[in-house]
Every structure is written in C-alpha cells, then in structure tokens.
Amino acid sequence: MTSDILSPQSEAELAEAVAAANAPLSIQGGGTQGMEIANATRLSTAGLNGVTLYEPGALTLVAKAGTPVADISDMLAKKNQRLAFDPRDLRGVLGTKGAPTIGAVAAMNNSGPARVTAGACRDFMLGVRFVDGSGDIVSNGGRVMKNVTGYDLVKLMSGSHGTLGVLTEVSLKVLPTPEMAGVLLLNGLSDADAVAAMSAALGSPYEVTGAAHAQSGVDAHPVTMIRIEGFEESVTYRLAQLKELLGHFGDVAIATDPARTKAGWAWVRDCTVFEGKEGNLWRVSVKPSDAPGMVAKVAPENALFDWGGGLVWMVLPESVDPRAQMEGLQGHATLMRGEGHVRFHPEAPGVAKLTQSLRKKFDPRGILNPGLMG
Amino acid sequence: MELPTPDSFVLSRKSEIVATLQAVLPQGCVIDAPEEARAYECDALTAYRCPPLAVVLPETTEQVAAALKVCHQMNVPVVPRGAGTSLAGGSMPTSDSVVLGVARLTDVLETDYPNRFIRVQTGRTNLSVSGAVEENGFFYAPDPSSQLACAISGNIAMNSGGAHCLKYGVTTNNLLGVTLVTMEGEIVEIGGAHMDASGLDLLGVICGSEGQLGVVTEATLRILPKPEGARPALIGFDDNAVAGACVSDIIKAGILPVAIEFMDRPCIRATEAFAGAGYPDCEALLIIEVEGSDAEIDAQLARISEIARKHNPVELRESRSADESAKIWLGRKSAFGAMGQINDYMCLDGTIPVSELPYVLQRIGELSKNYGLGVGNVFHAGDGNMHPLILFDANKPGDLEKCEAFGADILKLCVEVGGCLTGEHGVGIEKRDLMSHQYTPEDLEAQMKVKDVFDPKWLLNPAKVFPLDTSESRRGAQGAAV
C-alpha cells in the first residue's frame, strides 16, 4: 500500500492523471466503502465537487462526481425533493469515516429500501461523464428523462465500480418528497409469512414504497415493515386498506409519527442492526419467494430482508459461504465487508466473457480498480 | 438516406447461404423467394425500402442460435426484426442481409404474481403481455402507442417508452432479464427474476442497443398491480410558455401524474376536425392523468386544478367518469391519424429539458415558415419528449428531402438546448447521421467498443445507429458489409 493520493481538481486533470498512470489506481470518492485496492495509487474524485445544474421543475440535478451525497440531499430538501432511490449509508456497519459521494453511489448502483418500487440508482441516472482507462473523456446520456440516443453506457457505468472508467459527473432524475409517510408493522412473523405479507402488499394497488423484515428487530423480535408515502389523504386511505388486506397475517399496527418512521427506514436502509456485529457482511439478491429457504439453509444469527424479500443482508462467520446455498437459484451474493471470499458473485461463463472483454476495451492497461470485480 | 454498398460477395453466394440456413432450420423457416422476402423490405419508416437477401423465422432460441452461427461463419449481415413497427428504420434490411424475425416466438413461459414478473418469448406483442396478466390485476407498464402491434423484442431493442413513463419508466426500468443470442450463436442468460446485476449491468446496455449486440429471444419483465382507477383533467392555455409553467408548478408541488400530454394549436385544430373531441381552440392543451381510488383521484385533480387556475386557463375540465375520460383522451389518441388526414407526415422524437419548451416551440414555428411545411406538436410534457409531426407531400418531388432537412434542424435544436435526438423511437437509420451532433468522436468510440465486444465482426444491424463514416473501418475491416 502506498500513501500516494492523486487529487485532480478538474475533469481534465483527472483525465491527465489516468493517462499518465503507469500503475494500478484505486478509485475513491469519500473512501467510505472499504474497497481500497492494495498496492495501488489512490485516485480521489473529491476535488470534483459541486452541483452544476438543478432544475426542480424538471426534476433534474447534475453534480460532479465528488460531490458529497449529503450536500445534494440538503439542496434537494430545500425544494422539497429527494433522491428517490434513497442510497444506503453503510459507514456505521462498515466502520468507515468520510463523506459518501454521488459518484460512488452511482458507481456502486447503491439503492436503498425504495428500490423495490421506485427503482434503483441506475434507473434514476440520466447521464454520465467519465474518464476511461486510456484517459479519454466520454459523455453518455444527458440531462433529459427520456433518451435512447445511442447505447446506454449510463447503465453500464452504474455498478461498474470504477472498473470501466472514473465517473466525473452524474446527472440524475430527482423526485418530490412525499407529504407524509406511514408504516404498517407486523410483529412476530416467520420469514415465509413475512415475505408472503410483503408480496401481498406489493401486489396490491396501494403503491407500497418499502417492504422490509428483520428476523430480529430493535427489540430482538421479528418485525415486518410496509411503507406508504404520498399526500395525507392517500396515505391514510391506503394504510387502512392494507391493514385489512394483511389482517390474516396477524395484528397490524399503523405508525405515522414522522420522526419514528424516518428513523425506522434509515435503520433498514443503513443495516444498522448489524453495527458492531463481527463477521462477514453479505448482501444477497434473490427472487423474494426464494429468500426464506435460502436464509434457512445459511442459518445466520439474524437476517434483514429488504425489497419485499428480494434483498437479504446477513452477517456470517468467515467459514460460511452463502453462495453454496444458492445452487439453482437466480441471484447473487456480494461480500460487503470481511474476508475469505471474493467480493462479487462469480458469473456464468457467457456473462464473464462479455464482462472481461468490456473491461479490456475500456481499460486496456487494466489499471482501474484491478482485482475488485475479479 | 445513404445505405452502405451491399457486399457483392455475399450477394453472389445467396443460394449457398439459403441452403445452409435451410439445413439448420425446420422447413418453412427460411424465406428466400423475392416476392415473399419483399414483405420485409421496410418497417414503419416506409420512406425507405430494400428487400433483404432472405428472411429466417426461427421457432426456438436454439434455432435463432443456429441461424446466427451460419450467418457469422459466412459473414452475412443480420437484421433482427420484431414486429417491424420501428419509426426509425431499426429493422430496415440491406440487400445483402438476412432478416431474422422473432415473430414465431410468442409464448408466455412463466407468470409469477408473488414475485411480480412474467417471462415471455420476445415475439409477443406488448399489449398481449399486459393481456396475459390482466385478469389477475396486473399490467406491463411501458405502453408505446404501437402497443397493439409492436413486439417485446423491438421494445427492448429501442428501449421503448410510452405515455405513462413519467410514473412507470421506460422499458429498461421494467426489464429484469433476457436470453440473448450473440452473433456467434452463443446463448447467454443475463439477469433474471431477481433485482439488479452483481457485476456489470449488461442488461442495461443491451436494452436500447437497437439489435446491434445480440438477438433477445426471451425476456423477464416486471409486472405491476393495476391502479384502482385513473382519470385525466384537460387544461387549455393561450400561451405555450404558460402551459409549460403550469407543468413545472404541478411537478414542484409534489404531484406525480402518470401522464402529462401537451398539444399545440395546429395539432388541436387537426384533431378537432378529425375526431371532434370538443377541445377548445387554444394555443396549448394539457391532458394530465392521475391514478388511485376515486377519492384520491378527486383530491389530486383538485390540487392540479388549483395550480392551473393560477395560470388563467381558457379551459379546465376534470373528468368525473370513464366516458368523460375517454372523451378527453380521444383527441390525443387520434392526433397522429388526424395529421395523416391532412397530408403525409414525419414523426420526430427529440427530447428537451422541459424549461426550454416555449423557446423550442417558437423556433419550430419559425423553421416551419422557412421550410414552407406545416408542423403540429404532440409532447410528453412531463419528461420533455417531443413529437413534432411535419406535414409533407410524398408525391411532390423534393418534399421528402425538405421535410428531412426540417426534421434534422429540429433535432439539432433539441441537442442545442440540452436535449437529445431521440427519446423513445431510437436512432436506426433515420437519425444515424445526426449522432455526431450529440456526441463527440470519443463518445461514439466508447459506444462502438461495446459493439466490438458483443459482435466483433460488426454483422448485426451494422448500418444503423453510428454515422456510416464513423463505423466504416469497423464494418470493412471485419469482413462484414462495407
């Protein structure tokens, strides 16, 4: 590990830095993900900071990659808008410090509980600018909501974890912050019942905006949370309808206290329940109905089901490999914290071949976050 | 419109190519008689036609792979085709190409309500996907206006949108997985019933790649529960800028309608003459639809009306019933037909930042005068996707060229104000040569690198999307059509 850090202050400087690099680069925004590449020079985007365009009436925001997410959220909040994919802040559970940046959120396709209905970070990305592995500056997409002009490299860059290029600018669709949020709480459900209840809610016309279940919640009992957001009259009506719909799963409580509701969903979003728990932190994406069975086989101390069961978070001893319990299931498991396993789920040969070829094309020298994605 | 010179070597081997395809496909899957192949000479961009060398209509994914393998080995360009409804020439053949149609792949493979997805073969029409889940209270959200005819394969190739994408997104936001057959004939599963990719988001770049990266034969699509109801309001204004400001205020107020449609005066007059929907004769008309229970809809429409009233509308009508809703939508839904009654028309598809609407409409009006061609504007106002309809006379020599030049000027204008060439129709051949107005050589190079990976010989739909001079070295050097 070297202590060198490159901190370009503009896109042009960043392009020069990449072009001039003759050794691996470890790309970082706020450095909050614990993904540093060993034996590489750190390349920070923190110098590319600032929102360059914000049009609330067009629901559009453009920011340089190193802009802290918190700055963007504050700016949006002043106009009663927000990042609708609600990115996770995992500093607590990863034990890191620093300010998460919008570039890293985009590069990781970091999406919170709202993803289940609103869509993922990638669904809100309208455009990107990036520097590829040769130091060329590339722009794709734009600042408008509908755009099919040429290939969608915006999606390709989302979730590419810096391996195809270093993001320098991201343009995003933002959404109004709803007037009110309300939550249905079901206590003591088994995983299977919880997923069934969440599926029933998500399959109803009431536009559920979050559905999560923890085997062991704040009071150490199973808790299932289903969120509705909107104008007050709507939220009240929909909560009542859902309460009736889900009545046969058990007692359903309704919570609408703004502070409690917000804190509850931040707890889900940021995986707070795993703070201070030793072991490997896993993030598993599966078909919701496959989740309870998979979790039963893995047998973690606690499991947090987000996205209606489609995303499961677990802390496991290093010796346990959840991928071994996913035979025959569609999905993937990512090691978010810990040792002993590769971070990303091994890909099927056809997909792996395409992925490797793309990386070779965009980063022919193999200097961008080498080793991170295999 | 320039098309690449056909590969004379390929043309000279037609009988051999057809025989090899026939050898790997069941009887009746290969069409080589010129009079039958002619049916595939164009898509919905009917101004351009060219019969292909042959047409193959496989019945399974494996047959698609077999056909592609043959074409790959014999260096024959392949033009994938769904239902042939592209307005951009996305499935227009060249004379040295084999058209590969997925029209016979129409099965529903799996429907899963608890996990909210459907898996279909991609020759299935858009509307029939919704049809397959309707009885259970679900629908497939992207709804291009050709939805009765267009195929899911084409929707994926063009990343199709529709009137309701302000709320539900476009195809890419509703696509979970695909079975992709590469030009080399490899079958690759990408994504699935779960959410999001672990590694690179290949699904994201395949969607909208206009059939240039592979042939998608199966797709896993997200289905959504149907809302309890939906009703629109109709609001007329005397000024485009005021209509634009009203849209912006509605959005800023935190209301997210499912659709915000805009029509300008020429379009309103044409549709009134054609359909008699009872629209006011005004400068700008908005149709704004919201969803929910009856009471929720009433509350939202009341909020919208309250905002609209501050902008002094000349007309404000909230629908109270299905009948009234149908009447409000009638004019909008017949807009294209109405313009077609007046003359031939070309439908454009640029997107602009919503705030630029008044300026862009003013400039289009000026251009219309300069070119001496009429134009009407239909516009998905919530997301800035414009559909200017330019009127011309196909039988009048020079009119088509004039119309194309006018169209190109409008699209350049869209790019100039911060928008793009195409919001939902795709580039195809129609906007291919305008790409360099939106993208730098480096931008285009990055996109072409993706094609290099999926289709190293540049055989799949090779003469589309990228300006011919930009892609020439790749198409030539790889032994493909020059």
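Biologist: Among contacts in chain B between residues at least 6 apart in sequence, how many join residues at least 24 apart?
Modeller: The share is 72%, where a contact means that the C-beta atoms of two residues, placed from the backbone, lie within 7 Å. The model is predicted: local features need pLDDT of at least 70 and side-chain atom pairs count only at pLDDT 80 or more, while totals for chains, interfaces and linings use all residues. Residues are numbered from 1 along each chain as its sequence is written, and chains are lettered from A and ligands numbered from 1 in the order in which they are written.

Biologist: How much of chain B is buried?
Modeller: Of its 482 residues, 59% are buried. A buried residue has 20 or more other C-beta atoms within 10 Å of its own, an exposed one 12 or fewer, and a partly exposed one a number in between.

Biologist: And how many residues of chain B are in contact with chain A?
Modeller: There are 76, and they meet 74 residues of chain A.

Biologist: Changing topic, which residues are buried in α10(A)?
Modeller: They are A:Gly264, A:Trp265, A:Val268 and A:Arg269. Helices are DSSP runs of H or I with at least four residues, strands are runs of E with at least two, and both are numbered from the N terminus.

Biologist: Where do the buried residues fall, seen down the axis of α10(A)?
Modeller: They fall within an arc of 135°, so they line one face of the helix; the arc is that of the directions from the helix axis to the C-beta atoms.

Biologist: What is exposed on the other side of α10(A)?
Modeller: A:Ala259, A:Arg260, A:Lys262 and A:Ala263 are exposed there.
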